[in-house]
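Thank you for letting me take a few minutes today. I would like to walk you through one structure, going from the contact of two chains to some details inside one of them.

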Amino acid sequence: MPKIKYIEPNGVEHVVELQPGQSVMQGAVWNGIPGIVAECGGSCACGTCRVYVDESWREKTGQASDMEDATMEIREDSRPGKRLSCQLTVTAELDGLVVRIPESQW
Amino acid sequence: MQTLTDLDLPHLPVETPAFAENPLRYLAEARAKHPWIASSSIGYLVHDYGAIRELLGQDDKLRPAYDGIVEQLGAHGTPWGRFTEEQMISLPVEQHRLLRDTFAAKFTPRYANQMRPMMQGTIRRLLDEWAPKGRFDFEEFASYFPISNMFTLVGAPREEIPSIRASFETLGLAFSMDKRRMPAIHEAFGRVEALVQRLIAERRAHPESGNRDDLLHLLIQTSDEGGIAERQLADLLIFLFVAGYDTSKNVLTHTMYLLLQRPEIYERCGQDHAYCGKVLEEAIRYYNPGQVPRFTSRDVAFRDVLIPRDTMLWFTLSISGRDPIAFPDPERFDPDRQIEPTRRHIAFSLGKHMCLGQFIARAQLQEALHQIPQRLRNPRLVGKFGWRPFPGIWGLHGLPIEFEPVEA
């Protein structure tokens, strides 16, 4: 199964194996990784599951949709690689994906 | 594991005025008997913040219980009953997703921010009209604000608001679960339904009369493209008006009530737009209007209690922010309170039915909190106020204030 690496702002790393089809958000929530809140449970509606995709992976994860971009505007954020992890679906191709968790979702 | 029905639960008199006035007193007693759930005349109440947070987001175990409300009120087969059972949140999963996705684009943080100039204009116009009075019922004043924004968002003429406001007021009390209100609720629903049908018909007849970017145009376009039936189109507009009327109105009124007792915070709101956002978040932790009804869609085991399938549960979002287990010193109103990610208020609910209007609500309330102190100086309470019924959309009933008007 694909392995996803989550890095907390303090540098603590978590590696989780996920089934293809699950979201990066679900991987964090189901494994108790702190910092990904996901209040709406994955509807791209609350903007509280933000992560930053490591630069080397951005081509494979692709671009955020308009809806996702509009939802991320719950706060100003110019840091590159930002995505809502509920919109990142795990595939075999994403085995090894590295995402960083923000200090705060708000 | 014990089954819910076998537990000796505390009973909360949610239907009484005394409970509406001070639910926390009753909650403290109930918690001593059982930590997270109580019984009441309208169903079980899950009142513990942690329990709500753990359960409410589990969309695979719960379904909206609006059919349960209609049944309790004996309103099956009435137009209001049909609307309530069929409204967007109660639709089957696929239809719900279609509608929600179609309209969600108008409820994003980006769109809410784009609407801020409109919201600023709305509150400015209202203050121009009301501030010279020097004394008024703040709740009545506040009642014109969110609905004016909602009408503008939809593309409905604001001139309709004064004549229909009383009907929104009545419909806002529908979930108070008081059968005696039903004749008035049916009458009010008929008036709102007729207005919405007329708005749709007029726009269809004269598409050029509206803005091609407004929600009514989008709704009609989507409907015509075959995705949504006419009935659902009208229902959705009614839903938006009703949902957008007294939730934000009650929050604004209660926030004013809190700030009447905290003049330094009130004054700072008039000077500091960003601070208004923090005040608002703390205000909706402290109080919010909502109780969310759900049925269990299967047997649910939770904290050693088996909740059988088809059990009606009310989640009391309204008072969850003052749970002493989740929030240290919960009675202290502190806009600078640290927000723990897993201990943030849940005023807008959780999961896939989370409030679609949360960003519109936040934006408009922040704009109001910024302008009101600039125009109503030194406000003070000058009379009695009451409380709306706790079930449904709870809140203050009336808030008579006096102040020194400031010209724009």
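How many salt bridges are there between chain B and chain A? Before I answer, please keep in mind that this is a predicted model. The count between the two chains is two salt bridges, and one that I can point to joins the side chains of B:R110 and A:E73, with 2.7 Å from N to O.

Let me now turn to the interface as a whole. The size of an interface is often given as the accessible area lost when the parts come together. Between chain B and chain A the buried area is about 1,400 Å², with 58% of that coming from carbon and sulfur atoms, and the contact involves 18 residues of chain B and 16 residues of chain A.

Next, the helices of chain B. Two packed helices are described by the angle between their axes and the distance between the axes. For helix α9 (residues 138-154) and helix α13 (residues 230-260) of chain B, the axes come within 8 Å and cross at roughly 145°, and the crossing is right-handed. Among the residues that meet here are B:F145 and B:M150 from α9(B), and B:L240 and B:F241 from α13(B). The residues of this contact comprise 14 nonpolar, five polar and two charged.

Finally, the strands. In chain B, strand β14 (residues 400-405) pairs in the antiparallel sense with strand β6 (residues 135-137) over three bridges, and β14(B) also pairs with strand β11 (residues 376-381) of chain B, again antiparallel, over four bridges.

Key:
Residues are numbered from 1 along each chain as its sequence is written. Chains are lettered from A and ligands numbered from 1 in the order in which they are written. This is a predicted model: local features need pLDDT of at least 70, side-chain atom pairs count only at pLDDT 80 or more; totals for chains, interfaces and linings use all residues. Side-chain values use heavy atoms; hydrogens and water are left out. Two strands pair if DSSP finds at least two bridges between them. Helices (H or I, at least four residues) and strands (E, at least two) are DSSP runs, numbered from the N terminus. Axes are lines fitted to C-alpha atoms, for helices over the stretch in contact, and angles run from 0 to 180 degrees between N-to-C directions. A crossing is left-handed if the near helix is turned anticlockwise from the far one by less than a right angle, and right-handed if clockwise. Contact means heavy atoms within 4.5 Å. Ala, Val, Leu, Ile, Met, Phe, Trp, Tyr, Cys and Pro count as nonpolar, Asp, Glu, Lys and Arg as charged, and the others, Gly among them, as polar. Buried area is the accessible area (1.4 Å probe) that two parts lose on being put together, summed over both. A salt bridge is a side-chain nitrogen of Lys or Arg within 4 Å of a carboxyl oxygen of Asp or Glu.
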